[in-house]
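Here are my notes for you on this model. Keep the structure open and follow the points in order.

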Amino acid sequence: MQEEIKRNRIMLVGRSAAGKTTLLQRINNEELKYHKTQTVHIVGNFGIDTPGEYLERRYFRGALMVTSTDADIIVLVQDPTEGGTMFPPNYGSTFPKPKVGVVTKIDIASAEEIEQAEKFLRAAGADEIFKISSVTGDGVEELVDRLQIL
Ligand SMILES: Nc1nc2c(ncn2[C@@H]2O[C@H](COP(=O)(O)OP(=O)(O)OP(=O)(O)O)[C@@H](O)[C@H]2O)c(=O)[nH]1
Ligand SMILES: [Mg+2]
């Protein structure tokens, strides 16, 4: 008998333009196409995409908490070219779930920017960090393996 492997569901959190939707498109083998995320939406049977505003505005933080109950892993998404972070220190502790940090856009970021982004994610409470480019696909396979979503 074949053993059923449990597949995880992930919720992506990060500021506007961090690269959440594009990463989900890449994982789901969709054409990379920019559209602003206006509300929570489900991608495939594995991804919960959220709008950047849910992190940026205090008013929406409760919505993220509620949405996260359906997720097995919280993915904190950081754009290294942002020049700062929207994640408060220890932000991840609001979610009693494993937290994986993802540095996006490594195809256009400098080594220093990537290193700084990693520090932001560690400070936010990411247990592990992956560095990826949704454009070139670098690092995406390793991330997907770790998340056990496909
Ligand atoms: N060069 C490069 N650009 C990227 C990468 N990932 C995303 N982008 C670009 O960054 C912009 C924003 O990406 P989105 O994926 O829409 O960002 P988001 O986090 O979903 O933003 P909201 O929906 O506003 O919360 C788009 O123009 C993408 O093409 C990447 O890995 N490399
Ligand atoms: Mg989006």
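**Notes on the fold, its core and its ligand site**

1. Start with helix α1. Most of α1 is covered, with 7 of its 8 residues buried. The buried ones are K20, T21, T22, L23, L24, R26 and I27. Bear in mind that this is a predicted model.

2. What lies over these residues? The buried residues of α1 are covered by a set of elements that includes the strands β1, β2 (41-43), β3 (47-49), β4 and β5, and also α5.

3. Trace the pairing strand by strand. β1 and β4 run parallel, joined by 4 bridges. Here M11 stands opposite I74 of β4. β4 and β5 are also parallel, with 5 bridges between them. I74 has K99 as its bridge partner in β5. β5 and β6 pair in the parallel sense too, over 4 bridges. In that pair, V102 has F130 of β6 as its bridge partner, and V103 stands opposite K131.

4. Why is β4 described as largely enclosed by the rest of the structure? The reason is a count: 6 of the 6 residues of β4 are buried, so the strand is largely enclosed. I73, V75 and V77 point one way from β4. I74, L76 and Q78 point the other way. Both sets are buried.

5. Compare β5 in the viewer. This strand is mostly covered, with 5 of its 5 residues buried. K99, G101 and V103 point one way, while V100 and V102 point the other.

6. Next, the largest nonpolar core. In soluble globular proteins, nonpolar side chains tend to be buried together. The largest such core here has 35 residues. The members that touch the most other members are I10, M11, L12, V13, V75, L76 and V102. At least two residues each come from β1 (10-13), α1 (20-27), α2 (53-56), β4 (73-78), β5 (99-103), α4 (111-124) and α5 (140-147). β4 supplies the largest share, 5 residues.

7. Zoom in on V75. Leaving aside residues up to four places away in sequence, V75 touches I10, M11, L12, V13, V100 and V102.

8. Then take L12, which is found in strand β1. Why does L12 count as buried? There are 23 C-beta neighbours inside 10 Å of L12, and the cut-off for a buried residue is 20 or more. Leaving aside residues up to four places away in sequence, the contacts of L12 are K20, L24, G47, I48, D49, T50, V75 and V77. For a sense of scale, pick L12 and E141, which are 129 residues apart along the chain. Their C-alpha atoms are separated by 17 Å.

9. Finish at ligand 1. Which residues come nearest to ligand 1? They are G19, T21, T22, T37 and G52, out of the 20 residues around the ligand. The shell around ligand 1 divides into 6 nonpolar, 10 polar and 4 charged residues.

Key:
Residues numbered from 1 in each chain as written. Chains lettered and ligands numbered in written order. Predicted model: local features only at pLDDT ≥ 70, side-chain atom pairs only at ≥ 80, totals over all residues. Near = placed C-beta within 6 Å. Nonpolar A, V, L, I, M, F, W, Y, C, P; charged D, E, K, R; others polar. Core = buried A, V, L, I, M, F, W, Y, C linked by C-beta atoms within 7 Å. Buried ≥ 20, exposed ≤ 12 C-beta atoms within 10 Å, placed from the backbone. Contact = placed C-beta atoms within 7 Å. Pairing = 2+ DSSP bridges.
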